Amino acid sequence: MSLSISTNVIFRVEIDKSQVTFGDVVTAVSRIGGDVMAVDVIQAGKAKTVRDITVQLNVDRYKQLEDSIQSMQGIRIIHASDSTFLAHLGGKIQVTPKAPIKNREDLSRVYTPGVARVCMAIHEDPSKAYTLTAKRNLVAVVTDGTAVLGLGDIGPEAAMPVMEGKAMLFRQLADVNAFPVCLQTKDTEEIIQIVKAISPSFGGINLEDISSPRCFEIERRLQAELDIPVFHDDQHGTSIVILAGLLNALKLVQKTVEHIHVVVCGVGAAGAACIQMLLAAGVRNVIAVDRCGALSADVHYDHPTLDRIASITNPERRTGSLSEVLKGADVFIGVSGPGVLTAEDIQQMAADPIVFAMANPEPEIDPEIAEPLVRVLATGRSDYPNQINNVLCFPGIFRGALDCRASCINEEMKLAAAKAIASIVTEDELNEHYIIPSIFNEKVVARVREAVMEAAVQSGVSKRVPRELAHAEESKVSLMSPS
């Protein structure tokens, strides 16, 4: 299975009209599966012309096309520009002031000497940092670059484009300011101490792309030692959106969470969090499968996470491979790697099987093979229906947590977020190819924010009650009061 992504590449070429025609170039592009999208004449001459040719092609064909053009007599590539790389030139984010500094009065107000009064006000009451600085709407996106997308340990510098992209999504979707913090260390204790040291500047910490098992300890410690929300998106963002999609998929097959049998393949960061979320939502029969097969409490594992997951799953103590424990299962959730699930495995599942094949970019089974065999299929890819995407989750969760000044993001808030995302798909809209809303649905952030704030207030972790929730509570009280 080879699943790739396409991009636009602009080739600036000099063509010797006596040796080659533009039609020859188009033929070369078509031969490798590319499409000519646009042509611009940069310089015209009697003997030679210079043109910009925009080609859409799979990224894995880029070098092949470049070599093919270079090998043609009478043509020279002046330069080639990948549109994706062009979008990253100079980075994708910037810091801009909220007000201009045009004169000495402006300067004295925002800097010295006027700023001293503000500093002392915060010194006397540190909580005023939330009203007098950017803290209340600023999130640190922290990584060590050890588990970036499907690329693995590529280092903090190479992780920066992903963290910048995350910051863009925070801002555009939820009006949250976010800043990338890429750390040149893999030491668990050092990462914890660095994040604690920078925490006064931020209202929340988004941990990102930190490899397992260190990510569990880092998040656990920071949650215990900081009084601001700390959220590892690779764990909880994935689990929240998976649960949202599953809740709607179960409506289609008319099954309930209490009576389904779920097999989760992969017990890394996302898999462990997904299992925890399923259990919190009321699923009683979950079997976790790792490389060694089904996890069971009867077995002792070297890894503490595996021991913990084994102790809370597989109530029937079943053993064996993925294929063996998948027999009769209602739901398969894969957060592992490509090719681990077969058509034969699906055919042994219960009626109306639900398959969430989340490995990215290549799912656990080719979607083209799985689709005819399942009732509902979801993946992590944008080129198939039912994309399970963390972007549905983290902007709204942080927006809500910041607005109610939550000290953490607890299980109640995560469950509320999952149910809020699921609720956006109405009964009239719900079908096998639409169990989860688009990340561009404007209702997502607003509904998740409101649900998260309400859960934070009710579970006692909010430091302030937003005005809209306060008004809602007042309305309830007035309605309940005797006339």
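Analyst: Contact here means heavy atoms within 4.5 Å. The model is predicted. Among contacts with a separation of 6 or more in this protein, 68% join residues 24 or more positions apart.

User: What box do the C-alpha atoms fill, and how many helices and strands are there?

Analyst: Taken along the principal axes, the box is roughly 90 × 75 × 55 Å. The protein has 19 helices and 14 strands.

User: How should I read burial, and what percentage of the residues is buried?

Analyst: A residue is called buried when its relative accessible area is under 20%, and exposed when that area is over 50%. Of the 483 residues in this protein, 48% are buried. The accessible surface is about 23700 Å², and carbon and sulfur atoms account for 52% of that surface.

User: Which residues form a nonpolar patch on the surface?

Analyst: Ile 101, Leu 107, Val 110 and Tyr 111 do, with about 410 Å² of accessible area together. Val 110 belongs to helix α4, residues 104-110.

User: Why does Val 110 count as partly exposed?

Analyst: Partly exposed covers the range between the buried and exposed cut-offs, 20% and 50%. Val 110 falls in that class because its relative accessible area is 47%.

User: Now the charges. How many positive and negative side chains are there?

Analyst: The protein has 46 positive and 60 negative side chains, and the centres of these two sets are 7 Å apart.

User: Which side chain of opposite charge is nearest to Asp 209?

Analyst: A salt bridge needs a side-chain nitrogen of Lys or Arg within 4 Å of a carboxyl oxygen of Asp or Glu. For Asp 209 the nearest side chain of opposite charge is Lys 166, 7.1 Å away; Asp 209 is buried and has no salt bridge. Asp 209 sits in the loop between β7 (204-207) and α9 (214-225).

User: Is Tyr 301 buried or exposed?

Analyst: Tyr 301 counts as buried because its relative accessibility is 8%. Tyr 301 lies in the loop between β11 (293-294) and α12 (304-312). Not counting residues up to four places away in sequence, Tyr 301 touches Cys 292, Ala 294, Leu 295, Ser 296, Leu 306, Asp 307 and Ala 310.

User: How far apart are the C-alpha atoms of Tyr 301 and Val 141?

Analyst: These C-alpha atoms are separated by 32 Å, and the two residues are 160 residues apart along the chain.

Notes. Residues are numbered from 1 along each chain as its sequence is written. This is a predicted model: local features need pLDDT of at least 70, side-chain atom pairs count only at pLDDT 80 or more; totals for chains, interfaces and linings use all residues. Side-chain values use heavy atoms; hydrogens and water are left out. Helices (H or I, at least four residues) and strands (E, at least two) are DSSP runs, numbered from the N terminus. Buried means under 20% relative accessible area, exposed over 50%, partly exposed in between (1.4 Å probe, protein chains only). Accessible areas come from the Shrake-Rupley method with a 1.4 Å probe; for residues, only the protein chains shown count as cover. Lys and Arg count as positive and Asp and Glu as negative; His and the chain ends are not counted. The place of a charge is taken as NZ of Lys, CZ of Arg, CG of Asp or CD of Glu. Patches are made of residues with over 30% relative accessible area and no salt bridge: like charges are joined within 9 Å, nonpolar side chains (Val, Leu, Ile, Met, Phe, Trp, Tyr) within 5 Å.
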